[in-house]
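These notebook entries record what I looked up in the structure shown below. I went through strands, cores, helices and charged pairs in turn.

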Amino acid sequence: MGVVMFKKFASGFMLSFLCFVQVSCCTINTYKSTDSHDIYVNYLDRKFSKNKSKVINQNFIFLQKYVMTKNNNDYTQICYKGKQKYTECNEPLVPINSASGYVVKIDRRKNDIYALTAAHWCKEETKDELYESTDLIMEDMPIVGYYVSFMGNNIKIKKYIMDPVTDLCLIKFNSKYSNYAKNIDIANSDPDIGDKMYTISAPMWSYENELRQHYSGYASGCDSYECVFTIPATYGSSGSAVINEKGEIVSIISKASIGFNNYTIGAKPEQVKDFLEKAYETLRK
């Protein structure tokens, strides 16, 4: 009998506690006309609203990490930890990796948006991992920027909190377009075997503002630690929300079988709920 191997979609190791990180926030896109961009976002909303799936197009987010620089496309101005401040380094230079995510809660008074993704994307890379991703040989550890693409806007993430044991991460960012997303409930119980499941992902960097890749499969069951699904997934699918027929989050995709990418694994609904209760309280501070 062959051995089934599983791989997370970005490298990381497991810790048994919540890790809290705060990062400075700013948008990386500037637009000549705010009105013209409002029109574009309205266009996206109309397009995304023509949706027959249980997954909400407007709630999907695409996540990327970058090595940061002081000047656009200037490799001689890479920012390094301990030498420059985050506020000095506002230009993304080299992409490191990507992931998927899903908005779960909105504070409409402050335009704050909370979204779930995988903790192994949120964790900090080592210098060796950065070299594997970028082929850059760097003298010191560079400053890495965490970015989210939401409704046609690229925004630097304000804060995140993660639990590597369940591979869950909650990110927080701010957008004046928060009203286009919806609050999402978490399922109260594990899915039954054979229940239909849905997701949106951006595998292998395949993201465009106007596209949404919908995938579906079935619940294969849950044990005491995680749930299994027959949803297609590969690198970049990390953090995709698994949605049931009621539109509730059942799990967050964490890993898949190597060589057969229709066997995916994620946290149980109870774990997602427990994590969010702690994470919301921390990120509101």
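**Entry 1: strand S5 and its partners.** I looked up the pairing of S5 with S9 and found 6 bridges between these strands, which run antiparallel. I am working from a predicted model. Asp 107 has Asp 112 of S5 as its bridge partner. I noted that S4 and S5 make a hairpin with 4 residues between them. In that turn, Asn 111 has a positive phi of about 60°.

I next asked how many residues of S5 are buried. I found 6 of the 6 buried, so the strand is largely enclosed by the rest of the structure. I sorted the side chains by direction: Asp 112, Tyr 114 and Leu 116 point one way, while Ile 113, Ala 115 and Thr 117 point the other way. Both sets are buried.

**Entry 2: the nonpolar cores.** I looked up which residues of the largest nonpolar core touch the most other members. This core has 37 residues, and those with the most such contacts are Ile 61, Leu 63, Val 103, Val 148, Phe 150, Ile 171 and Phe 173. I listed the elements that give it two or more residues: helices H1 (34-49) and H2 (119-122), with strands S3 (60-69), S4, S5 (112-117), S6, S8 (159-163) and S9 (168-174). S4 gives the most, with 6 residues.

I took Val 103 as an example and listed its contacts, leaving out residues up to four places away in sequence. Val 103 touches Asn 59, Ile 61, Ile 113, Tyr 114, Ala 115, Phe 150, Ala 181, Lys 182 and Ile 184. I also recorded a second, separate core of 28 residues, which includes Val 55, Ala 241, Ile 252 and Phe 275. As background, I noted that nonpolar side chains tend to be buried together in soluble globular proteins.

**Entry 3: helix H3.** I asked which residues of H3 (residues 127-134) are buried. I found Glu 129, Leu 130 and Thr 134 to be buried. These three cover an arc of only 115° around the axis, which puts them on the same side of H3. I looked for what covers them and found that the cover includes strand S4 (91-107) and strand S6 (144-150). On the face turned away from the buried side, I found the exposed residues Asp 128 and Glu 132. After H3 comes Asp 135, which has a positive phi, near 65°.

**Entry 4: Gln 58.** I located Gln 58 in the loop between H1 and S3. Is Gln 58 buried or exposed? I read a relative accessible area of 6% for Gln 58 and recorded this residue as buried. The side chain of Gln 58 makes a polar contact of 2.8 Å with that of Asp 45. Beyond residues up to four places away in sequence, Gln 58 touches Asp 45, Phe 48, Ser 49, Phe 150, Met 151, Tyr 180 and Ala 181.

**Entry 5: salt bridges.** I recorded 12 salt bridges in the structure. One of them joins the side chains of Asp 38 and Lys 176, at 3.2 Å from N to O. Asp 38 is in helix H1 and Lys 176 is in the loop between S9 and strand S10 (196-201), so the pair ties together parts that are 138 residues apart in sequence. I noted Asp 38 as partly exposed, at 22% relative accessibility. Lys 176 is also partly exposed, at 44%.

I then looked up Lys 54, which forms a salt bridge with Glu 245, with 3.9 Å between the closest N and O atoms. This pair links distant parts of the chain, 191 residues apart. Lys 54 lies in the loop between H1 and S3, and Glu 245 in the loop between strands S13 (241-243) and S14 (249-257). I found Lys 54 partly exposed at 35% and Glu 245 partly exposed at 41%.

In helix H4 (residues 269-284), Glu 281 and Arg 284 are 3 residues apart, which means that about one helical turn separates them. Their side chains meet in a salt bridge of 3.9 Å, N to O. Glu 281 is partly exposed at 48%, and Arg 284 is partly exposed at 47%.

Key:
Residues numbered from 1 in each chain as written. Predicted model: local features only at pLDDT ≥ 70, side-chain atom pairs only at ≥ 80, totals over all residues. Heavy atoms only, no water. Buried < 20%, exposed > 50% of the residue type's maximum accessible area, 1.4 Å probe, protein only. Arc of directions from axis to C-beta. Contact = heavy atoms within 4.5 Å. Core = buried A, V, L, I, M, F, W, Y, C linked by side-chain atoms within 4.5 Å. Pairing = 2+ DSSP bridges. Polar contact = N/O pair within 3.5 Å; in protein donor to acceptor, adjacent residues only side chain to side chain. Salt bridge = Lys/Arg side-chain N within 4 Å of Asp/Glu carboxyl O.
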